[in-house]
Amino acid sequence: MVFTQIEFFIFLAVVFLFVATVKGNETRKIFLLAASWYFYAYWDWRFLGLLLVSITVDYYIGLALERTACAKTRRALLLFSLIFNFGVLGFFKYFNFFVTSLAGMLQPLGLNVSTLSIILPVGISFYTFQSLSYTIDVYSGKLRSCRSFTDYALFVSFFPQLVAGPIVRASDFLPQLETYRALSKVRMIEGGRLLVLGLFKKVFIADHLARYVDVVFSGAGLFDMATTWLAVLAYSIQIFCDFSGYSDMAIGIAKMLGYDFTVNFRMPYLADSISDFWRRWHISLSTWLRDYLYIPLGGSRKGRGRTYFNLMVTMLLGGLWHGAAWTFVFWGGLHGAALVISKHYSLLSGERGLRAERSLAARFAGWAGTMFIVAIGWVFFRSQTFTDAALILRHMFLDSTGIAWYSPFAIGVILAFSAYYLYYVFRPDRASALLFDNIYSPFVLMSMLWLTIMFYPKDFQPFIYFQF
Amino acid sequence: MNRFFPLGLFASILIVWLSSALFMDSIPTCTWDPAIQDYAPISGAKYVFRSEGRGETVFGEHGIVGGAGYDDPTTGVVAIWGDSFVEAFQVPDGHKMSTRFNEIWNSLNARPLRAVSIGRSGFSIANYYFSIPLYRKIIPNIVYNVVVISSLRDLLPDQSDFIGCSFISSPDYAFIKAPPPGKSLKRLFLIAKQFMNRTGMQYLYYAYVDIMIGAPGKKPLIKNLRFMPGVRSGSGSGEGASRDSVIDRAGFKFIVDKMREVSDVPIIFVYLPNVPSLHDGKIVTRDVNSEKMKTFADVCSENGIIFVSMERRFNELFRSARKFPRGFPNTVPGVGHLNEDGHRLVAMAIADAIKEDLYGIHSN
């Protein structure tokens, strides 16, 4: 079940009806857990078992970690959690990738390993990382283990964020489950605003842009320069609206139910450096990678060379997390290289991150350079193969011949986005008005809702991050 | 609740109205026409199309487009028959194949001819068989019947999604005309549709169709709802797959004989192959139905019917100008209905065929 299906809204209505009528916290949590498992089973009930096993393993590891003082045992428990979670993720998501990639090397050794017909369980990348953050935090003493199986299971399975994030931290969410949170009109309205905004971004903008982007990218090299650039810019907006739209809906629904998730996107296309971009894009993932990969590797504490190495490893694995393909790894590597260069430059020039000292021209140049790198990165992120990516890049910079196809909708969206972002730069308070009580927001939000309903796509477009 | 909510809600309705006016298609409004024994668009009705291309179509009497002046006895009429490709809501009237033909023909020093379009979405060969004699009474000076075949399916028997008339193969080949649907609520629906068109509320109609009836080839939303946990499966075909159907030389002969039976003027079949097209990221220039259509062309030739295939002209358009004869900026190039270039090429092909027939002038 996805958030843009009619069935989901019927499901949501039933959930709200129950939550509104039930007063006990425990009963409410058990109901939400059952609803979340139904939500997951709707996609494929066979993989509900995998989710339950993952929950059970890490719940008991969490308890054992707190009860055991022996360092060796605690390390072993953590190692078991890591191996189990990464093992499950690795098998379902990366087995065929590694077999295909290594086939050339294995064959001369007489090893013929064939790929398997494996279905990728939806949301596995998200709930695996979420579970790991719990066991690692308990191991490092940052978090007490959860005593309630219901609470822990709900933390992992909570339906608004189960299948495509945001990656919620146990330290943020588990305390919220301890107390009863009555539904409130204010939270319903605030959450409802986010839900409508997210729906508009995903259904009206992202799904309609996808029709254009999919054709141009599948016919890489057939289209002229302007069309290719238009498709790349359109994809930049599509992926933002698709993913941030889903996050908005998840955060909005959780808020309506009484729970708070942290913001996952913060105007990423206003970033004036690549590190700033990663402080604004998929914040729950970037902070997870920072806290559980980059910092344990040493972060920036072990000298310049090691810092650059840590950055590259983090971004390469971050790229691999997005998909089992070398193009995703390359995308991660591109961002890693950009981060390294940016870090090196800032160390050399002694800026120490004090952006306020940079001139307007320098910030504009930083913004333009960052957006250029991000757009090029998206070419690899979206392309199925390096050959396709190379064809797209060739038609962006070198080859102007090809079919001309200038989608009026794509042009309109890009112009509207640009105008909004420009407005935001000069009047951030006004541009953010949509999410607050004022004269504009009901008009804009209701218009968004009508447009979404009126132009609802006839065919199903999955969320991009579902595949991760 | 925000105290500005009622104002915002009212103001947002204006957005809905504006969006309908600019971006939504008109609702088709038809009425029973006893002269043609079928439903036809209301005379004078303007149909706006925005979902594919950007066109405006004004219907004349009996659903004829471009029909002003067709009753001039000194001017022969070229009746262009077809389905949605001739109905051509996607292009403005000034760019439809009948109008383009008139522009081309008027520039020649030739016998005065005027083309009109008689097309309806869902029509097939059986519909033309039953309609030609009826329109002959309305337009006595038809001198050519041009039948546009948008795909091989138009000639195949036993198809389930054509409207009004059927071509069956069992027990023998035959054209069947279905009785008209009940008219009791039609008048009420017609008034409602006209009201929605005038007030920019087409979205209500299309929402009703999507939810309760289903768009062509798709189930209604209400029958697609699923609440039971499922099992992940591979991607389906999405839209309903077309029925497998075959036709042999005898079937083509049947079609040709039947068409000659009802048309006392020369017949021209114009075939629109689906090339060039974009498929899986590649340009396809070879028509998959070329063998079958060659057989049909041979049967036409043997029976004194002119057959024109647009394959060469369409591919030449792409070779020379990197343009497709189908598709629009707001859809996908190479997919869907004919665009203005496609209509222009078909008009040229019809003019060339008539020139050759009348004066023996061959064109490249």
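**Close-up 1. A:Asp276 and its salt-bridge partner A:Arg279.** A:Asp276 is buried, with a relative accessible area of 5% (buried is under 20%, exposed over 50% and partly exposed in between, with a 1.4 Å probe and protein chains only). Its side chain meets that of A:Arg279 in a salt bridge, at 3.9 Å from N to O; the term covers a side-chain nitrogen of Lys or Arg within 4 Å of a carboxyl oxygen of Asp or Glu. A:Arg279 is partly exposed, at 43% relative accessibility. A quick word on the model: it is predicted, so local features need pLDDT of at least 70 and side-chain atom pairs count only at pLDDT 80 or more, while totals for chains, interfaces and linings use all residues. Residues are numbered from 1 along each chain as its sequence is written, chains are lettered from A and ligands numbered from 1 in the order in which they are written, and side-chain values use heavy atoms, with hydrogens and water left out.

**Close-up 2. A salt bridge between A:Asp242 and A:Lys202.** The two side chains meet at 3.1 Å, N to O. A:Asp242 sits in helix α10 of chain A and A:Lys202 in helix α9 (residues 185-218) of chain A, so the pair ties together parts that are 40 residues apart in sequence. Helices here are DSSP runs of H or I with at least four residues, strands are runs of E with at least two, and both are numbered from the N terminus. A:Asp242 counts as buried at 2% relative accessibility, and A:Lys202 is buried as well, at 0%.

**Close-up 3. B:Arg249 meets B:Glu302.** Over in chain B, these side chains form a salt bridge at 2.5 Å, N to O. B:Arg249 belongs to helix α8 (residues 249-262) and B:Glu302 to helix α9 (residues 290-302), so this pair links parts of chain B that are 53 residues apart in sequence. B:Arg249 is partly exposed, at 39%, and B:Glu302 is exposed, at 54%. Elsewhere, salt bridges with shared partners join A:Arg181, A:Arg187, A:Glu190, A:Lys255 and A:Asp260 into one network. Over all chains, a search of the whole structure turns up 33 salt bridges.

**Close-up 4. A:His395 and its surroundings.** A:His395 is part of helix α16 (residues 386-397) of chain A and is buried, at 3% relative accessibility. Setting aside neighbours within four places in sequence, its contacts are A:Gly221, A:Phe223, A:Asp224, A:Met225, A:Thr228 and A:Thr401.

**Close-up 5. Where chain B touches chain A.** Here 43 residues of chain B are in contact with 37 residues of chain A. On the side of chain B that touches chain A, the elements giving two or more residues are α1 (5-23), α6 (202-213), α7 (221-224) and β12 (282-284). Of these, α1(B) gives the most, with 12 residues.

Close-up 6. Most residues other than glycine have a negative phi, and most peptide bonds are trans. A cis peptide bond joins B:Ser170 and B:Pro171, with omega about 0°, and B:Pro171 lies in the loop between β8 (165-168) and β9 (174-177). Another cis bond joins B:Val275 and B:Pro276, with omega about -10°. B:His62 has a positive phi, near 60°, and is buried at 18% relative accessibility.

Key
Contact means heavy atoms within 4.5 Å.
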